[in-house]
Amino acid sequence: MKVAILDDYFDTLRTLPCFAKLAGHEVTVWNDHEQNVDRLAERLKDTEVLVLFRERTQIRTALLERLPKLRLISQRSVYPHIDIETCTRLGIVVSSFQHPGTPSYAAAELTWGLVLAASRLIPQQMAALQAGKWQMGVGTTLRGKTLGIYGYGRIGATVAGYGRAFGMRVVVWAREATRAKAQADGWEVAASKKAFFEGCDVLSLHMRLVEATRGIVTAEDLARMKPSAILVNTSRAPLIAPDALVQALKAGRPGMAAVDVYEKEPVLDPRDPLLTLPNVICTPHIGYVSRDEYEVQFADIFDQVVSYAAGTPTNVVNPDVLGHRR
């Protein structure tokens, strides 16, 4: 089959052991990012299998209807960037393994890296050295502080464990059923959302972006945070109400943020408000971007391609398509 892989920025997949799973298929790897529908339709016009790097490219109806040979989209985890109903209508199978019980340790580690970087002002201290200055300020110690985990899923639970290892008091807030699970696992649960935002020294977001969680962190929530607090977001930018974080940081509550996700990606304008604020640390959505994580994820993704080619699609998220797939 003709397989196209989008958005492999550094041509990493060819160097991984799991790439051998695609032996015997005609594979084209694209290393740039392209979202223009006309250009995507042209480059994918003969594609039968489309392999995605999570949500880097939007796969919407306007594009899908111009890909008559597309039979399978293979990726891993959530799929808000794919028009599933259109895929089903057109006979395109979408396979996406949800990896139950297995967190992205790469994302959890990046989260903790941002916590450390923000608390000790590591990027700012390096910039001072590069500018010929010796020390630019005084950071804070994490031990004894309160770490808030907003959303107790696989990654949130892992980050909570890191906080405990660093001697932090860990407090969880989430929907009721998830709070009960966190409590059953031995974690402290906040008395209310208001108390949660008021009490945390470091607050890290760990929720999926669905309609119920879009804008779940409001301007009022942020205004309750301590002037010394750090907000960390390695999940999804729209969990926070539009423009609320920039305004909150300008107002000084919270005092600092460390973010890996943005309203529109990729962010290529150095004048973006988050990139110009002195109390923000930004990384370019690299939470899951590690060779080890790629090997784990794409082994699953390529297995889905192999299964489809063998006539037995796996991890199908639109099972209604199976009766009339291309």
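Q: Where does Leu-277 lie?
A: This is a predicted model, and in it Leu-277 lies in the loop between α11 (273-276) and β12 (280-282).

Q: Why is Leu-277 called buried?
A: Buried means under 20% relative accessible area. Leu-277 comes in at 14%, so the label buried applies.

Q: What does Leu-277 touch, leaving out residues up to four places away in sequence?
A: Leu-277 touches Val-246, Leu-249 and Lys-250. A contact needs heavy atoms within 4.5 Å.

Q: Which residues of helix α10 are buried?
A: In α10 (residues 244-251), they are Ala-244, Leu-245, Val-246, Ala-248 and Leu-249. The cover over them includes α9 (219-223), β10 (230-233), β11 (256-259), α11 and β12.

Q: What follows α10?
A: Gly-252 does, and its phi is positive, near 95°.

Q: How much space lies in the second largest pocket, and which residues are closest to its centre?
A: The second largest pocket holds about 330 Å³. It is lined by 18 residues, and the closest to the centre are Asp-243, Val-246, Tyr-262, Glu-263 and Leu-274.

Q: What makes α10 stand out in the lining of the second largest pocket?
A: Its share, three residues, is the largest. The elements giving two or more residues to that lining are α10 and α11.

Q: How does the lining of the second largest pocket split by class?
A: There are 13 nonpolar, one polar and four charged residues.

Notes:
Residues are numbered from 1 along each chain as its sequence is written. This is a predicted model: local features need pLDDT of at least 70, side-chain atom pairs count only at pLDDT 80 or more; totals for chains, interfaces and linings use all residues. Side-chain values use heavy atoms; hydrogens and water are left out. Helices (H or I, at least four residues) and strands (E, at least two) are DSSP runs, numbered from the N terminus. Buried means under 20% relative accessible area, exposed over 50%, partly exposed in between (1.4 Å probe, protein chains only). On a 1 Å grid over the protein atoms alone, a cavity is a set of points where a 1.4 Å probe fits but cannot get out, and a pocket is an open set with protein on both sides within 12 Å along at least five of seven lines; lining residues have an atom within 4 Å of a point. Grid points are joined across faces, edges and corners, and a volume is the space filled by probe spheres set on the points. Ala, Val, Leu, Ile, Met, Phe, Trp, Tyr, Cys and Pro count as nonpolar, Asp, Glu, Lys and Arg as charged, and the others, Gly among them, as polar.
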